[in-house]
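Please walk through the fold below with attention to its sheets, its core and its charged pairs. The explanation starts from one pair of residues and widens from there.

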Amino acid sequence: MERLTTHVLDTAHGKPAAGVGVSLFQGDRLVSRSATNADGRCPEPLALKLPPGVYRIEFAVGDYFRQQGVESPFLDCVPVQFTAAAGQSYHVPLVCTPWSYSTYRGS
């Protein structure tokens with residue numbers, strides 16, 4: 001089954017990042033919007049079918065870290081741009097702190 005999923009881990013506090021706003025774009029077109037749950041995962045896939053092309057997931061980590069008591073996080077919005085091929089599923093995790101992040105193609 002083709003789909004796009006994600007999750008966010010807060011490595012500064014050692015926990016899943018709940019309440020992070022997540023938006024999926026193809027070019028300038030908003031495809032879907034969600035927020036992470038208590039497990040740091042979006043409850044539904046961001047997309048069930050991805051036509052081939054370039055996409056961008058934007059993670060609103062600044063709002064999340066301010067809610068965690070970080071006064072002035074360095075990161076505000078983390079964009080992850082990737083290319084989707086036909087017939088593929090994608091899982092794009094984000095591992096972050098208020099000052100850094102990493103991502104990869106998960107399984």
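Which residue is the bridge partner of Tyr55 in β6? In this predicted model, where local features need pLDDT of at least 70, side-chain atom pairs count only at pLDDT 80 or more, and totals for chains, interfaces and linings use all residues, the partner of Tyr55 is Phe82. Residues are numbered from 1 along each chain as its sequence is written, and side-chain values use heavy atoms, with hydrogens and water left out. The strands named here, like the helices, are DSSP runs numbered from the N terminus (helices are H or I with at least four residues, strands are E with at least two).

Seven bridges join β5 to β6, and these two strands run antiparallel; strands are taken to pair if DSSP finds at least two bridges between them. Both belong to an open sheet of four strands, whose order is β4-β3-β5-β6 and whose pairing is antiparallel. Because β4 (29–35) and β6 stand at the edges with a single partner strand each, one side of each is left without a neighbour in the sheet. From one strand to the next the twist averages 20°, where axes are lines fitted to C-alpha atoms, for helices over the stretch in contact, and angles run from 0 to 180 degrees between N-to-C directions.

Within this sheet, Ser23 is found in strand β3 and counts as buried at 10% relative accessibility, given that buried means under 20% relative accessible area, exposed over 50%, and partly exposed in between (1.4 Å probe, protein chains only). The side chain of Ser23 makes a polar contact with the side chain of Arg33 at 3.2 Å. A polar contact is a pair of N or O atoms within 3.5 Å; within protein, one must be able to donate a hydrogen and the other to accept it, and residues adjacent in sequence count only if both atoms are side-chain atoms. Not counting residues up to four places away in sequence, Ser23 touches Leu30, Ser32, Arg33, Arg56, Ile57 and Glu58, contact being defined as heavy atoms within 4.5 Å.

A second open sheet of four strands has the order β2-β1-β7-β8, with mixed pairing. Here β2 (15–16) and β8 (101–103) stand at the edges, each with a single partner strand, so one side of each is left without a neighbour in the sheet. Two bridges join β1 to β2, which run antiparallel, and Leu9 stands opposite Pro16 in β2. Tyr90 has its place in strand β7 and counts as buried at 8% relative accessibility. A polar atom of the Tyr90 side chain lies 2.8 Å from the backbone nitrogen of Ala85. Leaving aside neighbours within four places in sequence, Tyr90 is in contact with residues including Arg3, Leu4, Leu50 and Arg105.

Which residues of the largest nonpolar core touch the most other members? Among its 26 residues, they are Leu4, Val20, Leu24, Leu50, Ile57, Phe59 and Val61. Such a core is a set of buried Ala, Val, Leu, Ile, Met, Phe, Trp, Tyr and Cys residues joined through side-chain atoms within 4.5 Å. The elements giving two or more residues to this core are β1 (4–10), β3 (21–26), β5 (53–60), α1 (61–67), β6 (78–84) and β7 (90–96). Leu24, again not counting residues up to four places away in sequence, touches Leu4, Leu46, Leu50, Tyr55 and Ile57, among others.

Side chains of opposite charge can pair when their charged atoms come close. A search of the whole structure finds four salt bridges, each a side-chain nitrogen of Lys or Arg within 4 Å of a carboxyl oxygen of Asp or Glu. In one of them, Glu2 pairs with Lys49, the closest N and O atoms being 3.5 Å apart. Glu2 lies in the segment before β1 and Lys49 in the loop between β4 and β5, so the pair ties together parts that are 47 residues apart in sequence. Lys49 counts as exposed, at 61% relative accessibility.

Arg56 forms a salt bridge with Glu58, with closest N and O atoms 2.8 Å apart; Arg56 counts as buried at 19% relative accessibility, whereas Glu58 is partly exposed, with a relative accessible area of 22%. Arg66 forms a salt bridge with Asp63, the closest N and O atoms being 3.0 Å apart, and both lie in helix α1, three residues apart, about one turn of the helix. Salt bridges that share partners join Asp63, Arg66 and Asp76 into one network.
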